Amino acid sequence: MANQDKFALITGGAKGIGKTISSKLASKGWNLILWGRDVSALNSEAETLKKTYDVQVVTRSLDLSDVSLIPGAFEELLQHSPMPDALICNAGNYGVLGSLKDVKIEDWKKSFDLNFFSVAGLIQQYLLLCEENPDRKRRSIVLLSGSGLGGSKVWPGISSYGCAKAAIYRLMEFVHEEAHISLNLDVNCIAPGAVKTGITEQALGAGKDLIGSLFEASMKVVNEGGDSPELAANVVSQLLSEACAGISGRLISAKWDHQALSNPEEIYKDADLFRLRRIDQSLFIKGSNA
């Protein structure tokens, strides 16, 4: 049976990584609020989750590219559901593809707006709701990053998407500083890895001429399966658990950092661990001896 006190709002929660996250949280007793554009996918996933895990699932068709719709969506939600204990921002796509010198800057800006301002709008509205409901219950925001954020590789042809994801990470740091203590809010980014999703197909559809080596990497993901979305779902579940309460302002690689969440005391001790600017000590030592 579900814990009736726990509700998680997941954007893009009926497809791709978001769908796996929804299933993982439902299996842990979380009730779910799923927002997305595909009504059929939302309804199908909601029925599956309710039957399989006996949880409450509320859905709403919403185009998050129109940030003006977000306040009304939250207002409508709270008429029928409790204040969400967690917000997981997963929705997004590559948008315009191609070298910066070749794309129309208007299209580039639209892609950036879609991938950044929709998330910023969701976070802002959630913070306002947290402030209006100061019951001191711990709440969480988890943001799904991408484009190799935190890694050494910058993929060509997706500059708008990549810059938006980097901006989201920086926004996460500001939210941490502004709300972690005052609102009892943990906020973190997860790098999910090379998971086969809709944007993988988007990359393949663009062709090698537009995105270069990213096309080959996407083809490899399709042919070999890529990283499991379960990695990201497990990290989301860990971060929302009471064992990780207080971990905030971090960039967690689902593929490489998940084991550290099993020993959160080490993360609490090191304020620089799992930051975008970090130098991994073991890699630094190996590199200096090479």
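Predicted model: local features only at pLDDT ≥ 70, side-chain atom pairs only at ≥ 80, totals over all residues.
View 1. Lys19 sits partly exposed, at 40% relative accessible area (buried is under 20%, exposed over 50%, partly exposed in between, with a 1.4 Å probe and protein chains only). Glu45, by contrast, is buried at 6%. The two make a salt bridge with their closest N and O atoms 3.9 Å apart; the term means a side-chain nitrogen of Lys or Arg within 4 Å of a carboxyl oxygen of Asp or Glu. Lys19 belongs to helix H1 and Glu45 to helix H2 (residues 39-53), so the bridge ties together parts 26 residues apart in sequence.

Residues count from 1 along each chain as its sequence is written, and side-chain values use heavy atoms, leaving out hydrogens and water.

**View 2. Glu76 meets Arg60.** Here the salt bridge is 3.3 Å, N to O. Glu76 comes from helix H3 (residues 70-78) and Arg60 from strand S3 (residues 57-61), 16 residues apart. Glu76 is partly exposed at 37%, and so is Arg60 at 23%.

**View 3. A pair within helix H5.** Glu173 and Arg170 form a salt bridge, closest N and O atoms 2.4 Å apart. They are three residues apart in H5 (residues 159-179), about one helical turn. Glu173 is buried at 8%, whereas Arg170 is partly exposed at 44%.

**View 4. A salt-bridge network.** Arg138, Asp186 and Glu242 are linked together here. The whole structure has 13 salt bridges.

Note on methods: Helix = DSSP H or I, 4+ residues; strand = E, 2+ residues; numbered from the N terminus.
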